[in-house]
Amino acid sequence: MTLAMAGEDAPAFVGMWRREGEKNVNVSAYLQAHGLTAERAAERASAPYEQEWRATEADGEFLVLTGRGDGAGPARTLLYPLGEWEEPFKGKSVLFGEEPGSVFRNTVYEEHPEWGRVHLTESVTPLGWETTQRRVEGDAMIVERTFAPKLEDGFAGDRISSKEIF
């Protein structure tokens with residue numbers, strides 16, 4: 001069942017989250033599916049990475065500040081509203097492609113049989129299709145991604161999944 005509104009039992013994402021790279025699962029392969037070399041993907045998968053999640057006045061909406069974990073401050077600030085939305089990007093993006101364009105997204109809360117309510121964002125990018133589920137377990141945020149690369153014929157390639165622990 002998909003839930004558009006967050007409600008009171010929505011996961012508590014507010015706060016600073018730092019990725020624990022040694023606990024990641026298949027992140028390097030996920031990045032390789034986006035076109036990175038094995039060496040570059042391994043570097044990025046283990047690099048420090050942090051996100052600060054801030055609640056807004058809108059139900060279920062978050063402002064997310066993402067940084068490299070080096071104290072230099074956020075490299076990217078993104079508003080995650082519920083429903084359909086568009087994220088323009090300037091190009092030279094590992095996850096979205098070299099050319100400027102847009103990512104089309106839809107964010108909802110969904111009831112998952114094993115984990116309870118998860119924050120789910122589905123994305124259509126120039127490189128393919130992605131589903132990202134976020135949930136809080138204890139003092140950790142778990143981010144699970146599934147990516148299907150766009151093949152030259154326009155169809156989807158084999159899906160690859162990854163898991164990050166923050």
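In this predicted model, Phe13, Trp53, Phe62, Tyr80 and Trp85 are linked into a cluster by ring pairs. The count of aromatic pairs comes to 8. An aromatic pair is described by how far apart the ring centres are and by the angle between the planes. Two of the pairs are set out here.

| Pair | Centre to centre | Angle between planes | Type |
|---|---|---|---|
| Trp53 and Phe62 | 5.1 Å | 65° | edge-to-face |
| Tyr80 and Trp85 | 5.2 Å | 70° | edge-to-face |

For Trp53 and Phe62, the angle of 65° is over the 60 degrees required, so the pair counts as edge-to-face. Both Trp53 and Phe62 are buried. Tyr80 and Trp85 are buried as well.

**Nonpolar cores**

The largest nonpolar core has 12 residues, among them Phe13, Trp53, Phe62, Tyr80 and Trp85. Other members include Trp17, Val64, Leu78, Tyr109, Met141, Val143 and Phe166. Three strands, β4 (62-67), β5 (76-80) and β10 (140-149), each supply at least two residues of this core. In soluble globular proteins, nonpolar side chains tend to be buried together.

What does tryptophan 17 touch, leaving aside residues up to four places away in sequence? Its contacts include Trp53, Met141 and Phe166, which are also listed in the largest core. Tryptophan 17 also touches Ala12, Tyr49, Glu50, Gln51, Val136, Asp139 and Ala140.

**Surface patch**

Phe104, Val124 and Trp129 make a nonpolar surface patch of about 260 Å². Val124 is placed in strand β8 (residues 116-125). The relative accessible area of Val124 is 39%, so this residue is classed as partly exposed.

**Positive phi in two loops**

Which residues have a positive phi although they are not glycine? Asparagine 26 is one of them, with a phi of about 65°. Asparagine 26 sits in the loop between β2 (15-18) and α1 (27-32). Because its relative accessibility is 39%, asparagine 26 counts as partly exposed.

Lysine 92 also has a positive phi, of about 55°, and is not a glycine. The loop that holds lysine 92 runs between β6 (83-89) and β7 (101-112). Lysine 92 has a relative accessibility of 73%, so lysine 92 counts as exposed.

Key:
Residues numbered from 1 in each chain as written. Predicted model: local features only at pLDDT ≥ 70, side-chain atom pairs only at ≥ 80, totals over all residues. Heavy atoms only, no water. Patch = residues over 30% accessible without salt bridge, like charges linked within 9 Å, V, L, I, M, F, W, Y side chains within 5 Å. Areas by Shrake-Rupley, 256 points an atom, 1.4 Å probe, with all protein chains shown as cover. Salt bridge = Lys/Arg side-chain N within 4 Å of Asp/Glu carboxyl O. Helix = DSSP H or I, 4+ residues; strand = E, 2+ residues; numbered from the N terminus. Buried < 20%, exposed > 50% of the residue type's maximum accessible area, 1.4 Å probe, protein only. Core = buried A, V, L, I, M, F, W, Y, C linked by side-chain atoms within 4.5 Å. Contact = heavy atoms within 4.5 Å. Phe/Tyr/Trp six-rings, centres within 6.5 Å; stacked < 30°, edge-to-face > 60°.
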